[in-house]
There are 2 protein chains.
Amino acid sequence: MNKRKGILIVVSGFSGAGKGTLLKSLVSKYENYQISISATTRSPREGEKEGREYFFVAKEKFEDMISKGEFMEYAQYVGNYYGTPKKYVEDRMKKGKDVILEIEIQGALQIKKNYPDALLLFVVPPSILELKNRLLNRGSETMELIESRLRRAKEEAMGIEEYDYIIVNEELDFSVEELHHVIEGAHHMTSRNMEWIREMREQLTEEVKGE
Amino acid sequence: MNKRKGILIVVSGFSGAGKGTLLKSLVSKYENYQISISATTRSPREGEKEGREYFFVAKEKFEDMISKGEFMEYAQYVGNYYGTPKKYVEDRMKKGKDVILEIEIQGALQIKKNYPDALLLFVVPPSILELKNRLLNRGSETMELIESRLRRAKEEAMGIEEYDYIIVNEELDFSVEELHHVIEGAHHMTSRNMEWIREMREQLTEEVKGE
């Protein structure tokens, strides 16, 4: 298991579940992770930097990339495209990085279909009451927006079975470790180590031959 | 995920891979594990204690237990029966323990068939050369016995795909952690948390109802 291959990881979760903070903390703590950067046709917001938050591309260019199959998944929201550039992710996986896509369920299902080896993780709050409290405590959100987020969470919850693992984000440091263990564990799956197993079998055949 | 259910874990591996030491260390370090005790019809050896190494039962009693379906798996070696008592394991799983069966591939396949939720782990040495060295360093084994163990390893290696995860036992403390992470990760599998997910969905429905 020396030549460790990067795993493609999809992370989804309810708005307010704390995915962003969890992933930032994971990446700062362990070197083997890389969060993927999406391409989008929407305009950069103040403070956003090309290649940091997003790769900003024109609509024509984006559609050209779609037609050339250059996205692992893409979706349209409020008139703008968002997509995961295949080359960006594959280059990093080849270097052994576990690449994390923070995307919603529609994208996650495209990934699952096209990359059956991908690991799909869903981040949830410890309870729905806690989710509501977190949204309320942000202070910045109207009651209407909070209700819309809860309705959206209800829809998303219908798709949870499509994900491989559930991460309950209760206490940040603890949840970072859980997430890390789930991914580390996945590296040990038999199906991800067939090359190594074949080599071991050849060594065994070598040892017992001629008997 | 409060009501944590115990997982049924099968651990197999080549003779000389260090399964026994690995499991002993795991159990002494973490409280959530219980190594299962097999029943056998063979006679106790010097120093072996009823209910510690094995449950020693008469052949007639063992065959009676087989006919009553009281074993999770059983096999015959050199004229003696060996089997895993269902009640022993299920009682401990109900208490939330992850119960580990240290059995060979034939038993592992019986478990996989009857308990599809079971987690099958296979312990291997870092290399076949290392396996051979470990067997040689035991000092107590004849060349003939070592060769027979390697032949047996070659046979067992053909069945590795039946197992879910591979644990490479290189450095003990490190491997214990790997093993623990793989099992901890398995507790987060969506399929093992459907009850909790259903409760969360009900809470969400409760929150957004009447809108």
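**Helices, sheet and contacts**

Me: What do the buried residues of α8(A) pack against?

Reply: They pack against four elements of chain B: β8 (119-124), α5 (128-137), α6 (143-157) and β9 (165-168). Helices are DSSP runs of H or I with at least four residues and strands are DSSP runs of E with at least two, numbered from the N terminus. Buried means under 20% relative accessible area, exposed over 50%, and partly exposed in between, with a 1.4 Å probe and protein chains only.

Me: What should I know about the model and the numbering?

Reply: This is a predicted model, in which local features need pLDDT of at least 70 and side-chain atom pairs count only at pLDDT 80 or more, while totals for chains, interfaces and linings use all residues. Side-chain values use heavy atoms, leaving out hydrogens and water; residues are numbered from 1 along each chain as its sequence is written, and chains are lettered from A and ligands numbered from 1 in the order in which they are written.

Me: Which residues of α8(A) are buried?

Reply: Met194(A), Trp196(A), Ile197(A), Met200(A), Arg201(A), Leu204(A) and Val208(A) are buried. Viewed down the axis of α8(A), these residues fall within an arc of 155 degrees, so they line one face of the helix. The arc is that of the directions from the helix axis to the C-beta atoms. Glu202(A) and Glu206(A) are exposed, on the face turned away from the buried side.

Me: How far apart are the end C-alpha atoms of α8(A)?

Reply: They are 21 Å apart, which agrees with the 21 Å that the 15 residues (194-208) should span at 1.5 Å a residue. The expected span is 1.5 Å times one less than the number of residues.

Me: At what angle do α8(A) and α5(B) pack?

Reply: The angle is about 50 degrees, and the axes are 9 Å apart. That makes α8(A) oblique to α5(B). The contact involves Met200(A), Gln203(A), Leu204(A) and Glu207(A) on one helix, and Ile128(B), Leu129(B) and Lys132(B) on the other.

Me: How are those terms set?

Reply: Axes are lines fitted to C-alpha atoms, for helices over the stretch in contact, and angles run from 0 to 180 degrees between N-to-C directions. Angles under 35 degrees count as roughly parallel, over 145 as roughly antiparallel, 65 to 115 as roughly perpendicular, and the rest as oblique. Contact means heavy atoms within 4.5 Å.

Me: And how do α5(A) and α8(B) pack?

Reply: Helix α5 (residues 128-137) of chain A and helix α8 (residues 194-208) of chain B pack at about 50 degrees, with their axes 9 Å apart. These two helices are therefore oblique to each other. Ile128(A), Leu129(A) and Lys132(A) meet Met200(B), Gln203(B), Leu204(B) and Glu207(B) there.

Me: Changing topic: what is the strand order of the open sheet in chain B?

Reply: The four strands run in the order β4-β3-β6-β5, with mixed pairing. β4 (54-56) and β5 (71-77) of chain B are at the edges, each with a single partner strand, so one side of each has no neighbour in the sheet. Neighbouring strands are turned by 25 degrees against each other on average, direction ignored. Helix α2 (residues 59-67) of chain B packs on this sheet, touching β3 (38-40), β5 and β6 of chain B, and its direction makes about 45 degrees with that of β6(B). Two strands pair if DSSP finds at least two bridges between them.

Me: How many bridges link β5(B) and β6(B)?

Reply: Six, in the antiparallel sense. Tyr77(B) stands opposite Asn80(B).

Me: Which way do β5 and β6 of chain A run?

Reply: Strands β5 (residues 71-77) and β6 (residues 80-85) of chain A run antiparallel and are joined by six bridges. Tyr74(A) is opposite Gly83(A). Their hairpin has two residues between the strands, and Val78(A) takes a positive phi near 45 degrees.

Me: What does Gln110(B) contact?

Reply: Leaving aside neighbours within four places in sequence, Gln110(B) is in contact with Glu73(B) and Tyr74(B). Gln110(B) lies in helix α4 (residues 105-114) of chain B and, at 26% relative accessibility, counts as partly exposed.

Me: Finally, how many helices and strands are in chain A?

Reply: Chain A has eight helices and nine strands. Buried residues make up 47% of its 211 residues.
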